[in-house]
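Take a look at the protein shown below. We will walk through it one part at a time, starting with a pair of charged side chains.

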Amino acid sequence: MKVLVIEDDTGLNRGISFALEQEGYAVVNAYSLREGESLFEKERPEAVILDLNLPDGDGLDFGKKIRQGSGAGAQTAILMLTARDLETDEIMGLTSGADDYITKPFSVAVLKIRLQNILNRKLCRTEETYRLTSGDVTLDCKTFRAFCQGEELDLSMTEFRLLQFFLENKNRALLKEQILQRVWDADGNYVEENTLSVNISRLRKKLGGDHIRTIQGIGYLWEEEA
């Protein structure tokens, strides 16, 4: 999943980006409104973290522009950042199209949770099937919770999307490229070579058993239990 961070404070931009990359997001960076607008059109991110006070314009206007665009813009998650702490500023931010609003200074850990909550809600709205099941594994896309043998799993956003893709394609061999395109970036950019294998390993450890089988030279397969 790709996130565009538009923030002119270089240190803060890099800090946010590093934290998100650790969670498995693909991050694109912009340090001005003009650069952000260009990258939004080029990259089509699923989420935008947008500073309101940019050196060459107001983020409020760009938030409105995203929302007034075609279908993709309507589904883009927007988290606004600002040093403004007045209630009127928060109202303006939310009414301009933001899904959430966070004032500076803030904890990056809180930002990650806010972003994940926004994406969870948007993912659930677009899901035709809210509940996916395979053997002792159940995925509830409405509440964004996963269970194995009745115990709730502690999954990251990336692990949840990975598990969801497997359950949507049970007993079907999936190419590595297919998984990368669905779970990470549509063009396979910004993804290190071992990213998929590392996340598969983490998911296997949390699930236990032999749900995910490696198909050498091809990809992976989720084996449906009897």
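Start with Glu41. At 47% relative accessibility, Glu41 counts as partly exposed, because that value falls between the cut-offs of 20% for buried and 50% for exposed. Keep in mind that this is a predicted model. Glu41 has a partner: its side chain meets that of Arg44 in a salt bridge, 2.9 Å from N to O. Arg44 is partly exposed too, with a relative accessible area of 37%. Salt bridges can also share partners, and in this way Glu7, Asp51 and Lys104 are joined into one network.

Why do such pairs form? Side chains of opposite charge can pair when their charged atoms come close. In this protein the count comes to eleven salt bridges.

Now move to Glu43. Glu43 forms a salt bridge with Lys2, and their closest N and O atoms are 2.7 Å apart. Glu43 belongs to helix H2 (residues 33-43), while Lys2 belongs to strand S1 (residues 2-6), so this pair ties together parts that are 41 residues apart in sequence. Are these two residues buried or exposed? Glu43 is buried, with a relative accessible area of 12%. Lys2 is buried as well, at 4%.

Another salt bridge joins Lys112 and Glu23, at 3.5 Å from N to O. This pair links distant parts of the chain. Lys112 counts as partly exposed, at 25% relative accessibility. Glu23 also counts as partly exposed, at 26%.

Next comes helix H1 itself. Its 13 residues, 10-22, should span 18 Å at 1.5 Å a residue. The C-alpha atoms at its ends are 18 Å apart, which agrees. Which residues of H1 are buried? They are Asn13, Ile16, Ser17, Ala19 and Leu20. These residues cover an arc of only 165° around the axis, so they lie on the same side of H1. The pattern has a simple background. An α-helix has 3.6 residues a turn, so residues three or four places apart point the same way. What does the face turned away from the buried side of H1 carry? It carries the exposed residues Arg14, Phe18 and Gln22.

Look at the two ends of H1 as well. Asp9 caps the N-terminal end: one of its side-chain oxygens lies 3.1 Å from the backbone nitrogen of Gly11. After H1 comes Gly24, whose phi is positive, near 100°.

Turn now to the aromatic rings. The structure holds two aromatic pairs. One of them is Phe40 with Phe62. Phe40 lies in helix H2 and Phe62 in helix H3 (residues 59-67), so the pair ties together parts that are 22 residues apart in sequence. Both Phe40 and Phe62 are buried.

Finally, step back to the whole protein. How many helices and strands are there? There are nine helices and 14 strands. Of the 226 residues, 47% are buried. Contacts reach along the chain, too. Among those between residues at least 6 apart in sequence, 56% join residues at least 24 apart.

Technical notes: Residues numbered from 1 in each chain as written. Predicted model: local features only at pLDDT ≥ 70, side-chain atom pairs only at ≥ 80, totals over all residues. Heavy atoms only, no water. Helix = DSSP H or I, 4+ residues; strand = E, 2+ residues; numbered from the N terminus. Expected span 1.5 Å × (residues − 1). Buried < 20%, exposed > 50% of the residue type's maximum accessible area, 1.4 Å probe, protein only. Arc of directions from axis to C-beta. Polar contact = N/O pair within 3.5 Å; in protein donor to acceptor, adjacent residues only side chain to side chain. Salt bridge = Lys/Arg side-chain N within 4 Å of Asp/Glu carboxyl O. Phe/Tyr/Trp six-rings, centres within 6.5 Å; stacked < 30°, edge-to-face > 60°. Contact = heavy atoms within 4.5 Å.
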